[in-house]
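Q: I am new to this structure. Can you walk me through how to read its features, one at a time?

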Amino acid sequence: MRWLQPYPDALLEFVPDAAPGPEARYTAREAVELAFVAALQRIPPRQTAVLVLCDVLGYPLSEVAAMLGTTPTAVKGLLQRARASMDHRRAEPPARGSAPERHLVRRFAEAFACDDIDTLVALLTDDAWLSMPPAPHEYHGAAAIASFLRASAEWRAGRRLKLEPTRANGQPAFTCSLDGEATGVIVLTLTGDGVRGITRFLDGRLQEHFEARRTPCRVE
């Protein structure tokens, strides 16, 4: 697997503590939050995979290249970009559950469901990206993202996606369905007052983990 799957926030409630008491629970949750914020919220998924494999797990470039089906040179480039992104100071995302977060998430959901590409582009940051695991390619920049979204809308031929709010990896997310068929999960990466990342996991089976115990993400 070359990406990290979305993890329902609701299931974090059942992560067992290594030691009893509220301090242990706080430490465990903080560690999970920091890992997700550092690796998932700030960089594209392929860079995340390289960063975790090299800097966290300590695999050499050659082994990571074999895992990802690419070259050590390409892995080195991904790792350099990931480290640069991690070091670069960015506006913090709006607080979880805050009015600014709800407003931004609601605007995104309405525009995405209605194929309102112009509104979606207006919500994106200058360095926004879109990825669709398990597809290996990514789209960087508003122009590339808009072009892909328009092509996707044409392919659906007027059929609209239904988005149901939830949370994954500590971030706002949606389960998606088209004509009643589950199509996957969208996870948003927010920064400041914009959307920096859109990760659309193209696997309808993922929704079972979210629908069984849905974590609401208010968008009203």
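Q: How many salt bridges does a search of the whole structure find?
A: Start with the general idea. Side chains of opposite charge can pair when their charged atoms come close. This is a predicted model. Searching the whole structure gives nine salt bridges.

Q: Which side chain meets Asp115 in a salt bridge?
A: Arg156 does, at 2.2 Å from N to O. Asp115 sits in the loop between helix 5 and helix 6, and Arg156 sits in helix 7, so the pair ties together parts 41 residues apart in sequence.

Q: Is Arg156 buried or exposed?
A: Read the relative accessibility. Under 20% is buried, over 50% is exposed, and partly exposed lies in between. Arg156 has 4%, so it counts as buried. Asp115 has 25%, so it counts as partly exposed.

Q: Which residue forms a salt bridge with Asp118?
A: Arg150. The closest N and O atoms are 3.4 Å apart. Asp118 belongs to helix 6 and Arg150 to helix 7, so this pair ties together parts 32 residues apart in sequence. Asp118 is exposed, at 57% relative accessible area. Arg150 is partly exposed, at 40%.

Q: What is the N to O distance in the salt bridge of Asp127 and Arg196?
A: It is 3.0 Å. This pair links distant parts of the chain: Asp127 is in strand 1, Arg196 is in strand 6, and they are 69 residues apart. Asp127 has 30% relative accessibility and counts as partly exposed. Arg196 has a relative accessible area of 5% and is buried.

Q: Now the strands. How many bridges join strand 3 to strand 4?
A: Look for bridges first, then for direction. Eight bridges join strand 3 (residues 161-168) to strand 4, and the two run antiparallel. Leu161 has Leu178 in strand 4 as its bridge partner. The two strands form a hairpin with two residues between them. In that turn, Asn169 has a positive phi of about 55 degrees.

Q: In which sense do strand 4 and strand 5 pair?
A: They pair in the antiparallel sense, over six bridges. Strand 5 covers residues 181-191. Its Ile186 is the bridge partner of Phe174. Strand 4 and strand 5 also form a hairpin, with two residues between the strands. There Asp179 takes a positive phi near 55 degrees.

Q: Why is strand 4 largely enclosed by the rest of the structure?
A: Count its buried residues. Strand 4 spans residues 171-178, and eight of the eight are buried, so the rest of the structure largely encloses it.

Q: How many aromatic pairs does the count come to?
A: Three. To classify a pair, check the angle between the ring planes; under 30 degrees counts as stacked. The ring centres of Phe108 and Phe174 are 6.0 Å apart and their planes are at 25 degrees, so this pair is stacked. The pair links distant parts of the chain: Phe108 is in helix 5 (residues 99-113), Phe174 is in strand 4, and they are 66 residues apart. Both Phe108 and Phe174 are buried.

Q: Which residues do ring pairs link into a cluster?
A: Phe108, Phe112 and Phe174.

Q: Which residue lies over the face of Trp155?
A: Arg159 does. It is 5.5 Å from the ring centre.

Q: How many residues does the largest nonpolar core have?
A: The general idea comes first. In soluble globular proteins, nonpolar side chains tend to be buried together. Here the largest nonpolar core has 27 residues. Those with the most contacts inside it are Phe108, Phe112, Leu149, Leu188, Val195 and Ile198. Elements giving two or more residues to this core include helix 5, helix 7 and strand 4. Helix 5 gives the most, with six residues.

Q: Leaving aside neighbours within four places in sequence, which residues is Leu149 in contact with?
A: Phe112, Ile117, Leu120 and Leu130.

Q: Which residues does the second, separate core include?
A: Ile43, Leu51, Leu53 and Val64 are among its twelve residues.

Q: Which residues of helix 2 are buried?
A: Helix 2 covers residues 45-56, and its buried residues include Leu51, Leu53 and Cys54. Just after helix 2, Gly58 takes a positive phi of about 80 degrees.

Terms used. Residues are numbered from 1 along each chain as its sequence is written. This is a predicted model: local features need pLDDT of at least 70, side-chain atom pairs count only at pLDDT 80 or more; totals for chains, interfaces and linings use all residues. Side-chain values use heavy atoms; hydrogens and water are left out. Buried means under 20% relative accessible area, exposed over 50%, partly exposed in between (1.4 Å probe, protein chains only). Helices (H or I, at least four residues) and strands (E, at least two) are DSSP runs, numbered from the N terminus. Two strands pair if DSSP finds at least two bridges between them. Rings of Phe, Tyr and Trp (its six-membered ring) pair if their centres lie within 6.5 Å; planes under 30 degrees apart count as stacked, over 60 as edge-to-face and the rest as tilted. A charge sits over a ring if NZ of Lys or CZ of Arg is within 6 Å of the ring centre and within 35 degrees of the ring normal. A nonpolar core is a set of buried Ala, Val, Leu, Ile, Met, Phe, Trp, Tyr and Cys residues joined through side-chain atoms within 4.5 Å. Contact means heavy atoms within 4.5 Å. A salt bridge is a side-chain nitrogen of Lys or Arg within 4 Å of a carboxyl oxygen of Asp or Glu.
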